[in-house]
Structures are given as C-alpha cells and as structure tokens.
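Subject: Structure handover

Hello,

Here is the structure I said I would pass on. My notes come after it.

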Amino acid sequence: MDKTINITLKIWRQKNPKTKGNFETYPLKNISIESSFLEMLDILNEQLIHEGKEPVVFDHDCREGICGMCSLYVNGHPHGPDEDVTTCQLHMRKFKDGATITVEPWRSAGFPVIRDLMVDRTAFDKIIQAGGYVSVNTGGVPDANSIPISKINADEAMDSASCIGCGACVAACKNASAMLFVSAKVSQLALLPQGRIEAAHRAKAMVAKMDELGFGNCTNTGACEAECPKNISISNIARLNREFLTAKIKD
Amino acid sequence: MTTINSKIPEGKLSEKWSEYKSHQKLVNPANKRRLDVIVVGTGLAGGAAAASLGELGFNVLNFCIQDSPRRAHSIAAQGGINAAKNYQNDGDSIYRLFYDTIKGGDYRAREANVYRLAEVSGNIIDQCVAQGVPFAREYGGLLDNRSFGGAQVSRTFYAKGQTGQQLLLGAYSALSRQVQNGTVKLYTRYEMLDIVLIDGRARGIIVRNLTTGKLERFAAHAVVIATGGYGNTFFLSTNAMGSNGSAAWQCYKKGAYFANPCFAQIHPTCIPVHGEFQSKLTLMSESLRNDGRIWVPKNKEDAEAIRAGKLKPTQIKEENRDYYLERRYPAFGNLVPRDVASRAAKERCDAGYGVGSTGLAVYLDFSDAIKRLGVKTVEARYGNLFQMYEKIVDENPYETPMMIYPAIHYTMGGIWVDYELQTSIPGLFAAGEANFSDHGANRLGASALMQGLADGYFVLPYTIQNYLADQIQVPRFSTSLPEFEAAEKAINDKIHKLMNIKGKRSVDNIHKQLGLIMWEFVGMGRNKEGLQTALKEIKEVKREFWSNVRIPGSGSDLNTEMEKALRLADFIEIGELMAYDALHREESCGGHFREEYQTEDGEALRDDRKFSYVACWKYTGDDKEPELLKEDLNYEYIKVQQRNYKS
C-alpha cells in the first residue's frame, strides 16, 4: 500500500466571469502520495459528485506536461511548488501530511475566469494570429536540406519553441506581461533562416497585439522564467527587444 | 447487398496518385470562396487540412474541444516522423517505406493508400522545415535521423522528444495565419455532437458550446472529421483525457461504415499502472528503444525478490538478465514493431518474470548506452523523457533502469474511407487517426504523424475538390431546415434523459468499469470465450450507465460531467463493436491477437484465405447486430508472407 496523507484544500470557486468568486475549504483524507495533483482533484470531484455537489472545474487534457491546458496556481506558484513541471506532473509526494493547499486560477486581465479554475486564454491565440508564423503556403517549398542551419541555432530555436502556451509566465508576473510567451515565438523564428524574412514585421505585430489585449509591460523581474514549466529563458525577451528596436529604427 | 467501392485509380501503383491528380476535378478561385467546409478537430490532420483549405480559398469553419487548436493530442507525440528522404544513404526509398508500412501492418492495409503516403512523406518534411519547425540537425547543418521499430533504415526526423508538439505548432501557425487572413473561422471549446445529412449528403453539424452548454448549428458543403482515435474506450490509455470517439461514432450511426474497430495498438513502453486513482498512462517514446535494452530477470527467484522489494535491478548480474527481444528477434532486437514487443512483455510477465511491485513491468535499461555514449549524449537524446519519468515515478533512470509496461495507445481502426478519404456518406471525409486507412492491423512508430500531415496537407486538399467541384451550384443551406431541427432535438432529448437518471455513480466510475472489461478481454490477448464475456458485460455496463449515472449541475450550462457522460455513452457502444469485430476475426494479425490462432513459437497467425479484407461495419439500429461488409485486400506489388523479424 502506498503512503497516504491527509490534506485541506482551499479552492477558488466562481460560477461565471460576472459573479464574485470565493474560497471553499475541502478536507481530503488518505491521498496516496503516488497520485498526481490532478488525480487528487479527481478524487475530490468524485467525492463532491457523491455528495450531490458540483465538481470543481479545471482545465486539463494530456496529463503528461505537453498540451499546456492545465493551469493551476498552487500555494502561490503557477503549476505549484515543484520545479520544471506543469500542474499535471506535480505529484502529492511534494506535500506534507496535514498540509493546507491553496488552489487558484491564473489571475490576469488577459485571462478572464470562465468558471472556478478554468480561464479563457484565447488572447494567446490572437497574439500568434498577429504574426507568429512563416508565411508559406502548403506545397511548392524547397527541399528540407537545401538550406543548412547551424546546429547551435537549430537547438536554440528548439529551446524557444518548447513553450507550451500555458500562460504560467503571465500568471507569475506582477505586471501580467506576456513577454516570455511572445519572445519565445519571435526568437524561434528569428533564429532560423526561414523566419528571418518576416522577423521585423513579426516582432512589431505580436508586441502590438499583446499590448492591445491588456497584457502588462516587462520590468525584468525574472518571475516568468523561474515559474516556466519548460524553462523558457528570459534571454528570449532580450532577443525580442533587439528585434523590436531594430524594426522600429528601420521604420 | 451493398458493395464497397474504394475508388482506387487504375494504373501502375507508383503512378496512381499523379494520375489521379492530373485528372481530378478542381474548383476555380471564385467558386472556392462560395464553398464552406467544416473541419472538426485541429490536430495534425485537422489543423493541416483547415490551414491548407483556407490557403486555397475555401471558407473553412474549424472546431475543437480544447481552449486552443494548439492543444490537440497530436502535441503529445514524442519520437518522430518517418519520411523516405534517404538523406542517410542507407538504402531507403518510397517503395521501402511503403513495404515496411504494409508489412508492419501485417498485410491488412490498402496498397494504393500506403504507397501514396510514402510518396508524399518527403513533402511533409520540406513543408515543416519551411514553416520553421526546428528539427534536430547534424553539425554540418543538415537534418538528423534516428531509427524506429519495424525498419532497418534511419528515416525518422525528430525534434528532441517533442516532435508531435513541433509539427502541431507548425500546423497551428499555418492555421493561425489563415485565421488572420479571414479564410478560417475558429470555434474553440466546441464539441460536435451530431452530423446533419440532407438528401444523403453531409451538410452540417450540431455542436455543443462547452462554455455555455448551448447547442448550435453549422451548415457547410462538406464536412471533414479529424477527431483522432477511440483508445480512451479503455479508460486508461496514453490518450489525453478529452480524446474521444464520439464524432466518429455519430458518423457511424448516420451511415458511415466503421472499419476494423478491433485493430487497436498497445504500445510496449508506457509507465506501468500504479493505483486505482490513476487517470491516464504516460508513454515513454519508442525512440528510447534505439539505445535502451529491454530485459527481465532470467531466474524467477530474482523476479520474486525484486517484487518483494528485497533486490534491486542493478544488483542482478549481466548473465542473469534475459534480454528477451534480442534473444527472440536477433535481426530487429529491441526495435521490433510495437505489437510484437508488447506481446513479448506480456508473455514474460504472465510467465512470472515481471518486475515492479505488481509484477506487471519489465526493465528498459540505459546503462550500456551510458557506458558507450556517456551521460551527456544520452541526455541530449532523451533528456526530457528521462525528466518526465523521474517526475512521475520518483526514480532516476540514469541510475536505475526504467520500468515499462504496454498500454493502449492508438487505434488503427476508424471510419472507413475510400482512396479520396471520403466516407460512405457523400460529402463526409475523415482524416488522420479518425479514419482507418493506412496502418492495417498495426501502426509503425513515427507513422501517425506522417499520416496525419499527409492527409491534411497533401491528400485531402486535392481529393475534396473532386467532390466540391460538383457542389458549386449548391447554395448555402439554412440551419433552420427540418434536418437540423430533428438532429438538435434528438441531442436535447438525450441530454434531458441523462440529466434525469439521477443515479448514484459518477461517469468516471462507470468508465473505469468499462475499461477493466476492455483490458481484460479485448486487450493484448483475446479469445472467443473472453470476447463473448466482454459482449455480455459491456451490455451490463450500458444498462448500468443509462440507469445509474449521476450528472450534477445543468444540462444547458458549462458542465464537464455532461461532456464526459456524452462521450462515455459512445465509448460503451464503441467497446461493444470492438469486441464484436474481434470475435468475428478468427485470426491473429498485428495488434489483434487471438490466442487460438498463433504459431508454435507464439507469433501471430494470420488467415489470409479467410480474412484478407477490411471489415466494414454498417449500423442497423440500436441494440441490433451491425451488418458486415467486406473490402477485399488485393496485393499486387507485395508478396504476402508471414512477418519475420528474426532474421
């Protein structure tokens, strides 16, 4: 039998974007430390359904840390106290017996709450739509090996491209800035010859869209990098700033 | 008697696709703007199709259940994507990829489709590189490759252990560009609940807006289903929690044939099950078998001591380890196809050599690779997978072997489609894992990404025009037509019925019961008696579900329990058809292993004389037996033989 713990959950409940939310307290007993955080919430929901109450609504899908759907603010940290993981990869072995665990949604003007712990992140899609791509149509492209790319650049582009679009960077930032998200995409494409051609336009368009959607400014606190489950580096933000300034000077 | 017409073009295998494209009908640019296409799903197939159709100028409506198209479960594919580029000069060719895929699928796939897949595979890599997908590269700046199961060449392109993510983000960026250009309209957090037919053609869908809980209607000239597979019938699988078979199932109930439902892939390298509360199984990429060696103890006493926690795997000497894949399959070793590797693991565990606390696990060991290559190289190749393993299991795979066990991963079966990816309902197309087309009875690793993108970028944008060219005179349909009214009413009735059961058990609780039945009787080893038991027990689950499920909240508001209930209602019926199909197929092939039909050394024994066909099931009514239609498989370019991975 696995080791189990007893915990107290303080969970944000909110019926819809218009109503005021509040914390509800739920005690949970005999939770296996081998279970994941979301499995623990499954157990809570099973209990709530059994009691005839409405389950806690939260976003989740792949449960292996790659889809970016899960988005819980646990004990004051986006994706909880463990490092380099999404909420779905957080396990109960990280908590002590008798612990009180506070669970909130992402809090940002850019991500309005839909219900309970579920928020609306379509703003991120809109930022990508503003320019987060290389403008090529399907077909008629050159052979994949026709343009060699240095391994260093390819690897660095891959590191930037690892962003899962979860929004933890925004949730972690006191200004609710989306700079880490935007800079990761701008960097990935700026590092590759395929993306260079539109680099200036992309940087300007994505930053303008981010501002328009109500995300804040970057004041270099580094909180985004510290909380990012995929270790996206703030050096991306430096690169975005360079791309953005160069583009503006050219104007 | 209905006959099956798969519309395979005449001519030589290698020329069929170019011949088709040369003679198919096209739609001129002015007419494209007036034609609406619904694409359900935003994964590799759906996202690529929506983007490509938008680029061509069609008016596309694209739906997904997640909050963003970028979250489709294609994102979780780890290892890579196959393409017959022969960049490694190791003897690869279109024919060889075609041959490996047909053989890997145990001679149950259609030659013409698979050849086309191999033919366009190279274009996919070109396309993705042009989009800025950061594939792994060599120091000279050219693309790197790795090997995958069932092949003797290195043709797999990869982006660390996140290839699916990068390819999906490529398709997502192309899609986002079309949204910006106004050719694609996105509907996120929408779930398709039914397909609407007018005069026998697919003309629209009914969806539930998951944020408001309200039903909405959408009309179009054609509908594309790209909603993935139905592996979650088993409750525990490597699929995402939301992955479901409902869109495909509604098509089946409206007359689309469902092909080879029993062909499900069990992936050999997943993190083993550990408790009742478990919600899903996590895959460890097949690419790990490039360098990891699979073994169990040679002596039963050692296995028992390990299970009791008295012995550690690192304490077992080399001579006391049984590298059973290398022993049984010297030619392919640890890189045998998935079905073979899964069954071999089950065989060892059933015989009492399994490890872990449950005995349902085998080791995947990197100590040799670390000795040979060094920690740094191993970390560069698999670092993110090792990290994922450590976070879940709390053990360091650099120091102690990983524990793995097979789990449901992918479904080769799906909606039947012809060469044009059109289902048996005119105007209804199916792409990606949702269709049955290319993998036969077993899919090779790194081929799902290839097929999804081939369908979405390079096949459907052509073939759908051959249909739409005849639709240019058809005006846009009103969604107030009686067909839409009736479909919406039927769903409302179903939701109302579910809300009023007010039983005692949660959806997940009943789903777990279904999953256990499926795993026990319709899983890795199947037999007649077990399948009959499964059919009986699934009927009981159905009765239990419709009389004892409890769904809190309201049916016409955001309600995640209602979403799950609607999916489970379909999973139960899908499970039933899977068992039914498995019972009828009295042979073993690929992922379908009937214990009664095996060779002396335990390999799958096909019966080509009786079962060399695609089983197409036609819906005949609730609780009525479906009708079986057969599409015969004729092999003109490949000699059908017993699969051999030994020599």
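Below is what came out of the analysis, chain by chain and then for the interface.

Please keep in mind that this is a predicted model.

Chain A has nine helices and seven strands. Its C-alpha trace extends over about 60 × 40 × 35 Å along the principal axes. Chain A counts 251 residues, and 53% of them are buried. Taking the contacts in chain A between residues at least 6 apart in sequence, 70% link residues at least 24 apart.

Chain B contains 18 helices and 19 strands. For its 647 residues the globule rule gives 26 Å, and the radius of gyration is 24 Å, close to that value, so chain B is as compact as a globular protein of that length. Along the principal axes, the C-alpha atoms of chain B fill a box of roughly 75 × 60 × 50 Å. Buried residues make up 60% of chain B. Of the contacts in chain B with a separation of 6 or more, 75% are between residues 24 or more positions apart.

The two chains touch: 65 residues of chain B and 66 residues of chain A take part in the contact. On the chain B side, the elements giving two or more residues are α3 (44-56), α5 (111-131), α6 (163-181), α12 (375-393), α13 (448-468) and α17 (560-584) of chain B. The largest share of that side is the nine residues from α6(B). Sorted by class, the side of chain B that touches chain A comprises 27 polar, 23 nonpolar and 15 charged residues.

Regards

Note on methods: Residues numbered from 1 in each chain as written. Chains lettered and ligands numbered in written order. Predicted model: local features only at pLDDT ≥ 70, side-chain atom pairs only at ≥ 80, totals over all residues. Helix = DSSP H or I, 4+ residues; strand = E, 2+ residues; numbered from the N terminus. Buried ≥ 20, exposed ≤ 12 C-beta atoms within 10 Å, placed from the backbone. Contact = placed C-beta atoms within 7 Å. Rg over C-alpha atoms; globule rule 2.2 N^0.38 Å. Nonpolar A, V, L, I, M, F, W, Y, C, P; charged D, E, K, R; others polar.
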